[in-house]
Amino acid sequence: MPRHVAIIMDGNGRWAARRRRPRVIGHRAGARTVNLCIDFCLERGIEALTLFAFSSENWGRPEDEVGALMKLFLQALDREVGELHRRGVRLRFIGDRARFSDAIRARMDAAEAHTAGNTALTLSVAASYGGRHDIAMAARALAEDVAAGRLRPEDIDEAAVGARVALADLPAPDLFIRTGGDLRISNFLLWQLAYTELWFTETLWPELDVAELERALQAYAVRERRFGLTGEQIARDVPAAPPHQTRSR
Ligand code: IPE
Ligand code: IPE
Ligand code: MG
């Protein structure tokens with residue numbers, strides 16, 4: 001069973017286009033699948049779910065689509081946070097918050113504060129997120145620490161970078177899922193996915209169901225995670241985490 005699942009929720013636009021409907025209808029339909037995934041993780045005891053909702057690059061989409069997505073985001077925050085809290089979900093956002101409106105930023109901060117003490121599931125929503133930006137910000141934080149005399153350059157290692165990227169307090173994702181049929185990472189968690197098992201499906205995000213999530217878990221269950229070691233070493237039960245995997249600290 002994976003402890004941490006990370007998902008690229010892709011295919012909303014194509015789902016709508018197939019119905020000859022505007023793309024925003026696809027995004028609205030996709031919001032329902034988010035709840036399905038949260039329920040699934042809660043039921044299976046998966047500790048952490050990270051969802052890619054909006055990338056740094058998605059800001060470049062047509063203005064009306066970005067506007068519609070922001071409206072949906074705001075509505076979802078107002079509608080869902082109470083219920084998530086009741087179910088023990090700790091909600092967090094990763095990504096460049098400065099690009100959101102004051103109203104959305106205030107809701108994000110409030111939702112995080114409200115759910116901070118919950119332990120059933122850590123739900124991280126990647127919004128205005130880019131993996132390269134994440135690593136660049138970690139580099140900036142390291143530079144600031146060095147400039148302030150808190151850190152020596154020779155102390156910069158994988159652990160020091162890993163402690164400053166998003167999700168540093170969680171185990172690295174065990175399982176990555178992308179819907180929508182494209183076989184790429186699209187600037188999602190570049191650092192954190194180093195040894196994550198990847199699983200892709202043609203299914204468009206609004207059509208993802210529990211049976212498909214089951215298939216992803218079944219595929220994960222039979223993968224051999226070697227972390228650079230040999231199959232024989234793994235069979236001899238060498239600890240199944242690489243030395244530099246991002247771990248809670
Ligand atoms: C994913 O669906 C949602 C966001 C990127 C916001 P898309 O909108 O990318 O849907 P497709 O890939 O065009 O079908
Ligand atoms: C990735 O999907 C981002 C999200 C799902 C939020 P995109 O639709 O933006 O990715 P590309 O453009 O197909 O790579
Ligand atoms: Mg897409």
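Does Asn-187 count as buried or exposed? I'll get to that in point 1; the rest of these notes go through the helix packing, the cores and a couple of single residues. Keep in mind that this is a predicted model.

1. Asn-187 counts as buried, because its relative accessibility is 15% and the cut-off for buried is under 20%. You'll find Asn-187 in the loop between β5 (175-178) and β6 (197-200). Its backbone deserves a look too: phi of Asn-187 is near 65°, a positive value in a residue other than glycine. As a reminder, most residues other than glycine have a negative phi.

2. Arg-20 also has a positive phi, about 55°, and is not a glycine either. Arg-20 belongs to the loop between α1 (12-18) and α2. Here the side of the cut-off is clear: Arg-20 has a relative accessible area of 79%, so Arg-20 is exposed.

3. On to the helices, starting with α2 and α3. Their axes come within 10 Å and cross at roughly 25°, which means α2 is roughly parallel to α3. The crossing of this pair, α2 and α3, is right-handed. From α2, the contact uses Arg-23, Val-24, His-27, Arg-28, Asn-35 and Ile-38, and from α3 it uses Glu-65, Ala-68, Leu-69, Leu-72, Glu-80 and Leu-84. Sorted by class, the contact of α2 with α3 holds 6 nonpolar, 2 polar and 4 charged residues.

4. Helix α2 (residues 23-44) also packs on helix α7 (residues 210-221), at an angle of about 50° and with the axes 11 Å apart. That angle is why α2 counts as oblique to α7. The crossing of α2 and α7 is right-handed. On the α2 side the contact is made by Leu-36, Cys-37, Phe-40 and Arg-44, and on the α7 side by Val-210, Leu-213, Glu-214 and Leu-217. The residues of the contact of α2 with α7 split into 6 nonpolar, no polar and 2 charged.

5. Now the interior. In soluble globular proteins, nonpolar side chains tend to be buried together. In this model the largest nonpolar core has 39 residues, and the members that touch the most others are Ile-7, Leu-49 and Leu-123. Helix α3 (residues 63-86) gives the most to this core, with 7 residues.

6. What does Leu-49 contact, leaving aside its neighbours within four places in sequence? The list is His-4, Val-5, Ile-7, Cys-37, Ile-38, Cys-41, Leu-121, Thr-122, Leu-123 and Ser-124. Another core, of 14 residues, lies apart from the largest one. Ala-6, Ala-48, Ala-166 and Leu-170 are among the residues of that other core.

7. Last, Val-89, which is found in strand β3 (residues 89-94). Val-89 is buried, because its relative accessible area is 0%. Once neighbours within four places in sequence are set aside, Val-89 is in contact with Ile-38, Leu-42, Leu-84, Thr-115, Asn-118, Leu-121 and Leu-123. If you want a distance to check in your viewer, take Val-89 to Trp-199: 110 residues apart in sequence and 25 Å apart in space, C-alpha to C-alpha.

Note on methods. Residues numbered from 1 in each chain as written. Chains lettered and ligands numbered in written order. Predicted model: local features only at pLDDT ≥ 70, side-chain atom pairs only at ≥ 80, totals over all residues. Heavy atoms only, no water. Axes fitted to C-alpha atoms, helices over the stretch in contact; angles between N-to-C directions. Helix = DSSP H or I, 4+ residues; strand = E, 2+ residues; numbered from the N terminus. Parallel < 35°, antiparallel > 145°, perpendicular 65-115°, else oblique. Left-handed = near helix turned anticlockwise from the far one by under 90°. Contact = heavy atoms within 4.5 Å. Nonpolar A, V, L, I, M, F, W, Y, C, P; charged D, E, K, R; others polar. Core = buried A, V, L, I, M, F, W, Y, C linked by side-chain atoms within 4.5 Å. Buried < 20%, exposed > 50% of the residue type's maximum accessible area, 1.4 Å probe, protein only.
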